[in-house]
There are 2 protein chains.
Amino acid sequence: MRQLFHPTTDQFNLSTILNALGDPTRLQIIKNLADKSEKTCACCNVDLPKSALSHHFKVLREAGLINVRIEGKQRFLSIRYEELEEKFPGLLQVILR
Amino acid sequence: MRQLFHPTTDQFNLSTILNALGDPTRLQIIKNLADKSEKTCACCNVDLPKSALSHHFKVLREAGLINVRIEGKQRFLSIRYEELEEKFPGLLQVILR
DNA sequence: TCAATAGTTCAAATACAATTGAACTATTCC
DNA sequence: GGAATAGTTCAATTGTATTTGAACTATTGA
């Protein structure tokens with residue numbers, strides 16, 4: 001796996017995004033990423049087996065909420081601030097406040 | 001049934017609200033109620049049997065998104081604008097834009 | 001009182017989502 | 001090459017949501 005699918009902003013769908021955020025685990029992950037720094041999967045402080053984490057990261061990524069950058073053995077996660085702000089201005093502010 | 005449960009603003013929970021909004025049918029209902037007028041259940045223009053509609057209205061009501069006022073045979077639905085704005089400022093604007 | 005209307009509740013079916021561990025891939029470092 | 005690390009994928013299980021029709025409650029109007 002060298003390339004991961006990330007939707008473009010015009011593929012963003014509000015229903016999909018809200019559905020992704022509607023799960024408490026994923027909302028927590030987003031909150032943990034809120035300080036704008038990139039984090040590895042393990043740094044998201046969620047107490048679940050890695051396969052479950054992997055699933056939630058995929059849901060968030062495919063909804064357009066996070067970017068996953070592959071570097072060596074690790075994946076670096078970050079919120080797609082600018083693009084989300086462009087498409088749904090104010091949404092992240094509400095979620096992360 | 002004379003009284004329906006409606007959470008108070010301090011019972012509002014972001015995860016519950018996002019989960020309620022994460023369903024396409026319910027998001028559509030909220031959008032249909034966006035013009036701030038009260039509507040009966042039948043006026044929400046969702047093509048589902050009444051039992052399914054009743055279910056979705058209940059999820060929205062119990063999350064705190066809508067108010068259901070009983071008047072005679074009918075229920076009048078409306079979005080809880082002020083209270084939602086108080087607790088999650090900007091959320092409805094993002095959703096309804 | 002009787003029928004019509006508006007919606008709820010129930011139980012059952014179906015569908016979808018979350019969770020798990022094991023096996024797997026890819027990368028790094030010795 | 002071999003072991004360790006970081007994460008993915010798979011298949012199976014469990015759990016939760018949605019959908020449905022039928023039966024029900026409550027209200028209105030004839």
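Predicted model: local features only at pLDDT ≥ 70, side-chain atom pairs only at ≥ 80, totals over all residues.
Local features are given only at pLDDT of at least 70 and side-chain atom pairs only at pLDDT 80 or more, whereas totals for chains, interfaces and linings use all residues. Residues are numbered from 1 along each chain as its sequence is written, chains are lettered from A in the order in which they are written, and side-chain values use heavy atoms, with hydrogens and water left out.

**View 1. The interface between chain A and chain B.**
In this view, 17 residues of chain A are in contact with 17 residues of chain B, contact meaning heavy atoms within 4.5 Å. The two chains bury about 1300 Å² between them, and 68% of that area is on carbon and sulfur atoms. Buried area here is the accessible area (1.4 Å probe) that two parts lose on being put together, summed over both. Between chain A and chain B there are zero salt bridges, a salt bridge being a side-chain nitrogen of Lys or Arg within 4 Å of a carboxyl oxygen of Asp or Glu. Two residue pairs are in polar contact between chain A and chain B, both at pLDDT 80 or more. A polar contact is a pair of N or O atoms within 3.5 Å; within protein, one must be able to donate a hydrogen and the other to accept it, and residues adjacent in sequence count only if both atoms are side-chain atoms.

**View 2. The side of chain A that touches chain B.**
On chain A, the elements giving two or more residues to the side that touches chain B are α1 (14-21), α2 (24-32) and α5 (91-96). Helices (H or I, at least four residues) and strands (E, at least two) are DSSP runs, numbered from the N terminus. The most is given by α1(A), with five residues. By class, this side of chain A has 10 nonpolar, four polar and three charged residues. Ala, Val, Leu, Ile, Met, Phe, Trp, Tyr, Cys and Pro count as nonpolar, Asp, Glu, Lys and Arg as charged, and the others, Gly among them, as polar.

A:Ser15 lies in helix α1 of chain A. With a relative accessibility of 13%, A:Ser15 counts as buried; buried means under 20% relative accessible area, exposed over 50%, and partly exposed in between (1.4 Å probe, protein chains only). Apart from neighbours within four places in sequence, A:Ser15 is in contact with B:Gly22, B:Asp23, B:Pro24 and B:Leu27.

**View 3. Helix α2 of chain B and its N-terminal cap.**
B:Asp23 caps the N-terminal end of α2(B), with a side-chain oxygen 3.0 Å from the backbone nitrogen of B:Thr25. Within this helix (residues 24-32), the buried residues include B:Arg26, B:Leu27, B:Ile29, B:Ile30 and B:Asn32.

**View 4. The three-stranded sheet of chain A.**
The strands of this open sheet have the order β1-β3-β2, with antiparallel pairing. β1 (39-40) and β2 of chain A stand at the edges with a single partner strand each, so one side of each is left without a neighbour in the sheet. Two strands pair if DSSP finds at least two bridges between them. Two bridges join β1(A) to β3(A), and A:Lys39 has A:Leu77 as its bridge partner in β3(A).

**View 5. The β2-β3 hairpin of chain A.**
Strands β2 (residues 66-71) and β3 (residues 74-79) of chain A pair in the antiparallel sense over six bridges. Two residues lie between the strands of this hairpin, and A:Gly72 in the turn has a positive phi of about 65°. A:Ile70 stands opposite A:Arg75 in β3(A), while A:Glu71 stands opposite A:Gln74.

**View 6. Salt bridges within the chains.**
Over all chains, a search of the whole structure finds five salt bridges. A:Glu71 forms one with A:Arg69, the closest N and O atoms being 2.5 Å apart, and A:Glu38, A:Arg69 and A:Glu71 are linked in a network of salt bridges. A:Glu71 is partly exposed at 43% relative accessibility, and A:Arg69 is partly exposed at 32%. In chain B, B:Arg69 forms a salt bridge with B:Glu71, with the closest N and O atoms 2.5 Å apart. B:Arg69 has a relative accessibility of 30% and B:Glu71 one of 43%. Another salt bridge joins the side chains of A:Glu83 and A:Arg80 (2.9 Å, N to O). Here A:Glu83 is partly exposed at 31%, whereas A:Arg80 is buried at 6%.
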